[in-house]
Amino acid sequence: RQGLAWLQRLREADAGGVLADDMGLGKTVQVLAHLALEHAAGRLTQPALVVAPASVASNWVREARRFAPMLRAVLHHGQDRHGLNPAAHDLVVTTYGTLLRDEEHLSAQEWSLLICDEAQFLKNANAKAAQVVRALRARSRLSLSGTPVENHLGEMWAQMHWLNPGLLGSRKVFDQVFRTPIEKNGDRARLELLQRRIAPFLLRRTKGVVATDLPAKTSSVLSVRLDGAQRDLYEAVRTAMDTRLTEVLRAKGLSRSRIDVLDALLKLRQCCCDPRLVKAKGAKSVKESAKLDALADLLPTLIEDGRRVLIFSQFTSMLELIDQRLDTLGIARITLTGDTPVAQRPGLVERFERGEVPVFLISLKAGGTGLNLTSADTVVLYDPWWNPAVEDQAIDRAHRIGQDKPVFVYRLVAQGTVEERMLDLQARKRALADALYGDEERVAGDLNEADLAALLAPISG
C-alpha cells in the first residue's frame with residue numbers, strides 16, 4: 001500500500017521515479033496495482049509499456065494475468081510480434097533487444113506509463129538502449145531496480161536523466177558538484193545534498209523493514225586452498241600479467257588501460273575456478289581443480305539432507321564443467337544460461353519448483369534477475385563477482401517473499417588469491433550504494449593502482 005501510494009503521488013506530480021526496493025519484495029505487483037488503479041479510475045487512456053530483460057518479460061505477462069486480469073496484457077517479443085497494435089491493449093511488455101529492433105514502431109505510440117524493469121541496464125546514458133528509452137513518448141516514467149547504483153554515482157545520474165531530465169544537471173556538472181567530491185573526497189555535505197535532491201523520487205525498502213517474517217539467511221565463505229600444479233599455474237599467470245601490466249601502465253596510465261587490467265584479472269579468476277578455463281600454455285594439462293573438488297564434496301551432503309540447490313557462476317564454460325562432474329556423481333540437474341531460449345525458461349523453472357531435480361545450474365548474467373525459485377533453500381556462488389549487488393540479486397532468487405525455509409549461502413573463494421581480495425572491493429561497492437540511500441557514512445571510489453597492486457599480489461596463506 002505504501003508503494004502504491006508513492007506511485008500515485010508521482011503520477012499526480014507528473015514526475016518519474018525509481019522503485020528501488022530490495023529484490024524479492026514485489027516491485028512487479030506494486031506496479032500492477034498502480035496500473036489496475038489507473039484503469040479503474042479511467043486514466044489508462046493510452047497503453048502502458050514495460051521494457052524488461054528477456055528473462056523477465058514473460059513473467060510480467062503471467063503476473064499481470066494473475067494479479068490484474070482486468071488489464072489486457074500482451075508480450076511484444078519473438079517471431080509473432082509483428083503487426084501488433086499497441087492501442088488494442090492496456091499493457092504491452094517488450095525486451096530491451098526488441099525495443100532496439102522495433103524502435104520506429106514503438107516510438108509511434110504514446111504511452112500512459114513507461115516502465116523500465118531491471119533498469120540498471122540503462123546505467124550508461126550514452127548507450128543506444130538508453131537513448132531509445134529517452135525518445136519514447138510517455139506521460140510518466142518509472143524505473144524498477146533493486147540496484148540503481150552498482151559501481152558509481154554516475155549510474156544514478158543516468159537514471160534521473162531519463163526520468164526527470166535536468167534534476168541533477170548535466171553529466172559534467174553532476175560530476176563536478178556531486179560525484180568527484182563524494183567519491184574521491186568523502187564530502188559528507190555534498191552526499192547529504194544529493195540524498196535530499198533525489199529522496200522524493202526514490203523509494204527503497206529493505207527486507208528487514210518490509211518482510212519482517214522472512215526466514216533467516218545464513219552466509220558462509222568456504223576458503224579453498226590451491227595446491228600443486230594449479231597453484232603453480234596461478235603464480236605463473238599472475239607473474240606474467242603483473243609484468244605486462246607494469247609496461248602497459250607505464251605507457252598509457254591506468255585510466256586508458258582498463259581493458260588490459262580486466263583481462264589480466266579475468267585470467268586469474270579463471271585459474272581459481274578451473275585451469276581448463278585458462279587459455280595459456282600448459283593450462284590444459286593441469287588436472288587439479290580445487291574449487292570443483294570442494295563443490296563435489298559439498299553437494300552430496302546437501303542433497304542427502306534434502307536441500308534444493310542453486311549454483312551460480314559467471315562462466316558458462318564453468319557450468320559445463322560442473323555439469324560433467326555432477327554427471328559422474330549421479331546428481332540430477334538442469335541448466336539455464338544466456339543461450340537457453342526464452343520460451344524454454346519457464347518450463348525449467350517449473351521443473352525445479354516441482355522438485356523434479358535437486359540442483360539448478362544458472363549463469364549469473366542470465367539468471368540473476370527475474371526468477372522466482374523459492375523451493376530452493378541453498379545458494380552456491382562458485383565464483384565471486386566484482387559487484388555485491390549482482391550477487392545479492394542471484395541470492396534473492398531464493399531469499400524472497402514466498403520463501404518459508406531458512407536460506408543458506410555458500411561462497412567458494414580461492415584462499416589468498418585475487419578472489420579473496422575481491423571481497424574487500426565488494427565491501428566498498430556496497431558502502432557506496434548504502435551511502436546514497438543514507439544507510440551508511442562510508443563512501444567508495446573507483447579502482448586505483450593500490451587496489452590493482454593488491455589484486456595482483458602473490459598467493460598468501
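In which loop is Glu-118 found? The model is predicted, and in it Glu-118 sits in the loop between β5 (111–117) and α6 (128–135). Its phi is near 45°, a positive value in a residue other than glycine. Asp-14 also has a positive phi without being glycine, near 55°. Asp-14 belongs to the loop between α1 (2–12) and β1 (17–19).

Are these residues buried or exposed? Glu-118 has a relative accessibility of 10% and counts as buried, because the cut-off for that class is under 20%. Asp-14 has a relative accessible area of 64%, so with the limit for exposed set at over 50% it is exposed.

| Residue | Phi | Relative accessible area |
|---|---|---|
| Asp-14 | near 55° | 64% |
| Glu-118 | near 45° | 10% |

The nonpolar cores come next. In soluble globular proteins, nonpolar side chains tend to be buried together. Here the largest nonpolar core holds 67 residues. Leu-35, Trp-60, Leu-91, Leu-142 and Met-160 have the most contacts inside it. Helix α7 (residues 154–163) contributes six residues to this core, the most of any element. Apart from this core lies another, of 28 residues, including Leu-233, Val-237, Val-418 and Met-422.

Which residues does Leu-142 touch, leaving aside neighbours within four places in sequence? Leu-142 is in contact with Trp-6, Leu-7, Leu-10, Gly-17, Leu-19 and Val-31, among others. Further contacts of Leu-142 are Leu-113, Leu-114, Ile-115, Cys-116, Trp-162 and Leu-163.

Conventions: Residues are numbered from 1 along each chain as its sequence is written. This is a predicted model: local features need pLDDT of at least 70, side-chain atom pairs count only at pLDDT 80 or more; totals for chains, interfaces and linings use all residues. Side-chain values use heavy atoms; hydrogens and water are left out. A nonpolar core is a set of buried Ala, Val, Leu, Ile, Met, Phe, Trp, Tyr and Cys residues joined through side-chain atoms within 4.5 Å. Buried means under 20% relative accessible area, exposed over 50%, partly exposed in between (1.4 Å probe, protein chains only). Helices (H or I, at least four residues) and strands (E, at least two) are DSSP runs, numbered from the N terminus. Contact means heavy atoms within 4.5 Å.
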